[in-house]
Amino acid sequence: MVFTKDQVDYSLYLVTDSTMLPPGATLSSQVEEGLMNGVTLVQIREKDCDTKNFFHEGVLIKKLCTDYNVPLIVNDRVDVALAIRADGVHVGQDDMPIPVVRELLGPDKIIGWSVSKVEEVEKLANWGPGMVDNIGIGMVFPTQTKKNPKKSPMGTAGVIKVLDALENCGASWVKTVAIGGLHPDNIQRVLYQCSSTNGRRYLDGIAVVSDIMASEDAGLSTRILRDLLDSNSYKFVDFGLSNEALQVSNINAALHQVHFARPLVQHMTNKVHQNFGANVTLAVFGSPIMSEVVSEVKDLSNIPYASLLINTGTIAPLDVLKAAVTAYNESKRPVVLDPVGYSATPTRMSLNNDLLSYGQFSCIKCNASEMLSLAELSDERMKGVDSSGSNINNDTVIKATKIVAYRYKTIAVCTGEYDFIANGTMGGHYSLGTQEIRGDSPSIPCFVVHGGNIPIMGDITASGCSLGSTITSFLGSLSFPNEAQNAVIAAVTLYKAAGKLAASRCKGSGSFQVEFIDALYQLSRENIPEKWDVKYELI
Ligand code: TPS
C-alpha cells in the first residue's frame, strides 16, 4: 500500500530501539503488539545496528506494517528506506540536510525532522510545503533513551514555543508530535498544555520509544496510551470550576472553609518573606511550615488540606522545587507560584521557565511587570524585583494576565492598584491537530478586584509575597472538586480589604505592618465581606 501524506495518522507514533527489549521479546513482537493495540505510525530507529541487520529487520517490520496498514518511517538511513520501500525517513538536526533527503526520496515520501528551536521552524517554513512533512518536537522531558543528548529537555513551555512559531510562520502543512520522556503519567498534561497561544494548533500526536519498546507487556502499554489519547480530557487538575460571577456569599463560604480546614501551607519562599508570610498565614487560619527539604515533600503533600507556595525571590535549589511540584501534583494538592523578579536576570527566567514546564500550577501570582514578561509582551529587564508596572496600561495588563492563565492552564493573579484574576483552567479538554479557534486567551474569564490604591503597601517588604501565602491558604482549604476561582478571588479581596483598613489606622510603614496583620485577623474572624470597602466584578 502506498500512503498519501494526508492519510497519515500521527496520534501514536512508535519509534523502535532493540537495545531495550525485555526478556523473551523481539523487535518484531514488540512492534506487532503495538500495531495490534493502536500504534498509528512506526519508525525503525536502530543506532547500533550494522547495515545488513538493519536491512533485514527493516524488511520484517515493513511486512508487519503493511499487514496492519500503517506507514513505516526509517530513522536517518535514506539508503535503507529506499531499499525496503519504506514510506518515509526521519532525520535529526545533525543528519543529512533536508533538501538532499527530499531530492533522494522524491516528492511523495514522508519526511520528518527533529525540531526544538524557533529558528528551525523558520528554516522549514522558508523551504515551503513539499520539504518537511512532520516534526518531532523534543525532547520534552529527560529520557534514558537518547544516549549523550546534545539538548536539554524543553518542557511543555518549549513545545508551545515551537507550536507558536509554526503558527507565526504559516507552516500549516507541518504535522507535529512531541517526544522524549512521555509516559502515561504525563501525556495528558502535555496534550492539554501544549497548544499554540492563539488556541488553533494542538499536537497531532505523541511519539514514544521506551514506554512500548521496553515494556514487558507492550500490548497493554500501547492500549493505555491509546485510551489516554482518545479520552480527550485532562482530569488531573479538574477543579470543577464554574464561571458564575462571585457573590458575597462565596467569599463568606471561602473564609468559612479556610477556618474549617486550617490548611497546612508549605512555604518555599524567600528569606525576607518567611516571618511575615508565616504571620499572615496564621491570621487567615492557615498553618505555615517553612521547609525546603526533598525528603519530606511527599509526606507533607499527603497531609489533608496541604498546599504549597513557591516564591522564587531567593532561589531554592531547582531539584528541591521540582521534587515539591511533582509531589503536590501527584497528591492533587494546590501549588501556587510567585515568580519574583521573573525577568530580572537570565538565571531567574530560566529557573522559572523550567519550573513552569515541569508541573501544573493552580495559581500564578505576580505583579504587572512580571506578568508582562511571562506573557512575552515585554522585553524590558526589570530593575530589582519590585513592580515597575505603574505606567503600564490596564488593557495590556489584562491581556498579559489572560495569556498567562491560558498558556499555563492556571488562575493568573496580577497585583497592582487593580488586581486582575484570569481563569485559564475552565476547559479540561484537548484535541489533536489544528482546530477552529476555540480557546483563544481573550475568551477566558477575567475578574478585577478594586478599592483604590494603597501606596503604603509598597513601603512594606514582603507585602506582595504574603498575598501568595493568603491565596495558598484559601486554595489549600478546598477539597477538590471545588471552587478554586472563588477561593482565589476571596483571598485577593480579603487581602485588599485588610490593606485598606490597616492604611486608615496606621501612623507609618512600621505600624502598618502590625495593623495589617490585625486587620487580616479581624476581618477573617468577623467574616462580613459585605462591609468591606472593596469591589470585584467580571470584566
Ligand atoms: C519523530 N528523539 C528525540 S527524543 C528521543 C528520540 C529518538 C528519545 C525518546 O525516547 N522525533 C521523532 N523521531 C525521532 N527519532 C526523534 C524525534 C529523536 P523515550 O520515549 O523512551 O523517552
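Student: Which strands form the open sheet, and in what order?

Tutor: This is a predicted model. Nine strands form the open sheet, in the order β10-β9-β11-β12-β13-β14-β15-β16-β17, with mixed pairing.

Student: Why do β10 and β17 count as standing at the edges?

Tutor: β10 (287-290) and β17 (535-538) each have a single partner strand, so one side of each has no neighbour in the sheet. From one strand to the next, the twist averages 20°.

Student: Which helix lies across β16?

Tutor: Helix α16 (residues 394-407) does, and it also lies across β13 (363-367), β14 (411-415) and β15 (418-423). The angle between α16 and β15 is about 30°.

Student: Why are α1 and α2 called roughly parallel?

Tutor: Helix α1 (residues 27-37) and helix α2 (residues 51-68) pack at about 15°, with axes 10 Å apart. Angles under 35 degrees count as roughly parallel, and α1 and α2 therefore get that description. Their crossing is right-handed.

Student: Which residues make the contact between α1 and α2?

Tutor: Among them are Leu27, Val31 and Leu35 of α1, and Leu60, Ile61 and Tyr68 of α2. By class, this contact has nine nonpolar, one polar and two charged residues. Ser28 of α1 takes part, and Ser counts as polar.

Key:
Residues numbered from 1 in each chain as written. Predicted model: local features only at pLDDT ≥ 70, side-chain atom pairs only at ≥ 80, totals over all residues. Heavy atoms only, no water. Axes fitted to C-alpha atoms, helices over the stretch in contact; angles between N-to-C directions. Helix = DSSP H or I, 4+ residues; strand = E, 2+ residues; numbered from the N terminus. Parallel < 35°, antiparallel > 145°, perpendicular 65-115°, else oblique. Left-handed = near helix turned anticlockwise from the far one by under 90°. Contact = heavy atoms within 4.5 Å. Pairing = 2+ DSSP bridges.
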